[in-house]
Amino acid sequence: MSRYRLLLEYDGACFCGWQSQAMPLPREGAAQTRISVQDTLIQAVEDFCGESVAVTGAGRTDSGVHALGQIAHLDLERQVDGLRLREALNFHLRETGVVVLEAEEAAADFHARFDATARRYLYRICNRRASPIIERGRVWHVRKPLDAGAMDAAAKHLLGRHDFTTFRSTRCQAKSAVKTLDRLDVVRQDCELRIHGRARSFLYHQMRSMVGALKLVGEGKWNGGDVAHALEARNRSACPTIAPAAGLYLEAVEYD
């Protein structure tokens with residue numbers, strides 16, 4: 001048995017999320033149900049070598065969330081060269097919305113999720129009057145001008161170790177809402193705002209909820225103090241909006 005580490009990129013609009021979903025097959029004539037990234041990879045492996053495997057990802061991205069640097073691992077009975085594995089999987093993944101950027105044999109005890117020391121997320125906002133065409137479905141379109149400097153200053157109130165209940169989905173299954181946020185920066189590049197977040201792990205909808213609050217700051221409806229008060233409230237109702245999934249990317253996963 002050999003363990004392999006995969007570096008993945010995918011378009012979240014094609015999938016119901018990373019995690020396998022226990023859903024019944026659609027009735028004949030019904031619209032096709034979107035499957036998960038995990039199930040898509042499992043099927044590609046089976047098509048390649050006939051083995052039924054488990055695929056574990058570093059981040060359980062939600063429906064519509066993209067990935068530039070998702071990490072996953074899987075075990076195969078047969079030993080395969082990493083380059084051959086990448087090319088074979090990509091052959092079977094063509095036109096699915098997911099691609100294997102790298103594949104290599106890993107240590108037998110490597111775990112994509114539990115060995116990760118940090119996860120980096122990117123959120124993209126298209127900030128202009130005209131609607132995005134090329135980037136449609138890959139950014140959050142906000143027409144009203146946003147003050148990136150004010151947003152960046154307000155973001156610093158969220159850095160450090162806190163109870164992030166306010167910025168946590170009511171469906172989050174994490175045992176604790178306490179997380180340590182290492183980075184939250186807002187940078188403008190022409191008509192696009194890029195929000196970079198880094199932490200060992202994130203709560204369900206945490207990044208999108210924080211972006212939603214910062215957008216209010218950018219519009220002048222909130223200030224840094226409002227963000228701090230929302231955090232201190234430890235109450236989901238204190239977070240008035242959540243950014244859509246389309247602008248969020250799992251940018252990279254870090255390991256020692």
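Which residue in β3 is the bridge partner of G57? In β3, G57 is partnered by A72. The model is predicted; local features need pLDDT of at least 70, side-chain atom pairs count only at pLDDT 80 or more, and totals for chains, interfaces and linings use all residues. Residues are numbered from 1 along each chain as its sequence is written, and side-chain values use heavy atoms, with hydrogens and water left out.

Strand β3 spans residues 66–76. Helices (H or I, at least four residues) and strands (E, at least two) are DSSP runs, numbered from the N terminus. Two strands pair if DSSP finds at least two bridges between them. Strand β1 (residues 2–10) runs antiparallel to β3 and is joined to it by eight bridges. Here L8 has Q70 of β3 as its bridge partner. Strand β2 (residues 55–57) is also antiparallel to β3, with three bridges. Strand β10 (residues 248–255) pairs with β3 in the parallel sense, over two bridges. A67 is partnered by L250 of β10. Nine of the eleven residues of β3 are buried, so the strand is largely enclosed by the rest of the structure. Buried means under 20% relative accessible area, exposed over 50%, and partly exposed in between (1.4 Å probe, protein chains only).

Helix α5 comprises residues 224–233. Its buried residues are G224, V227, A228, A230 and L231. They cover an arc of only 160° around the axis, which puts them on the same side of α5. The arc is taken from the directions from the helix axis to the C-beta atoms. The face turned away from this buried side carries the exposed residues H229 and E232. Cover for the buried residues includes α3 (148–155), β7 (160–163) and α4 (206–218); contact means heavy atoms within 4.5 Å. At the start of α5, a side-chain oxygen of N223 lies within 2.9 Å of the backbone nitrogen of G225. R234 follows α5 and has a positive phi, near 50°.

The structure holds 15 salt bridges, each a side-chain nitrogen of Lys or Arg within 4 Å of a carboxyl oxygen of Asp or Glu. One of them joins D62 and R208 (3.5 Å, N to O). This pair links distant parts of the chain, with D62 in the loop between β2 and β3 and R208 in helix α4, 146 residues apart. R208 is buried, at 11% relative accessible area. E254 and R198 form another salt bridge (2.7 Å, N to O). E254 lies in strand β10 and R198 in strand β9 (residues 192–199), 56 residues apart. R198 is partly exposed, at 24%. A network of salt bridges links R120, D182, R198 and E254.

How values were computed. Polar contact = N/O pair within 3.5 Å; in protein donor to acceptor, adjacent residues only side chain to side chain.
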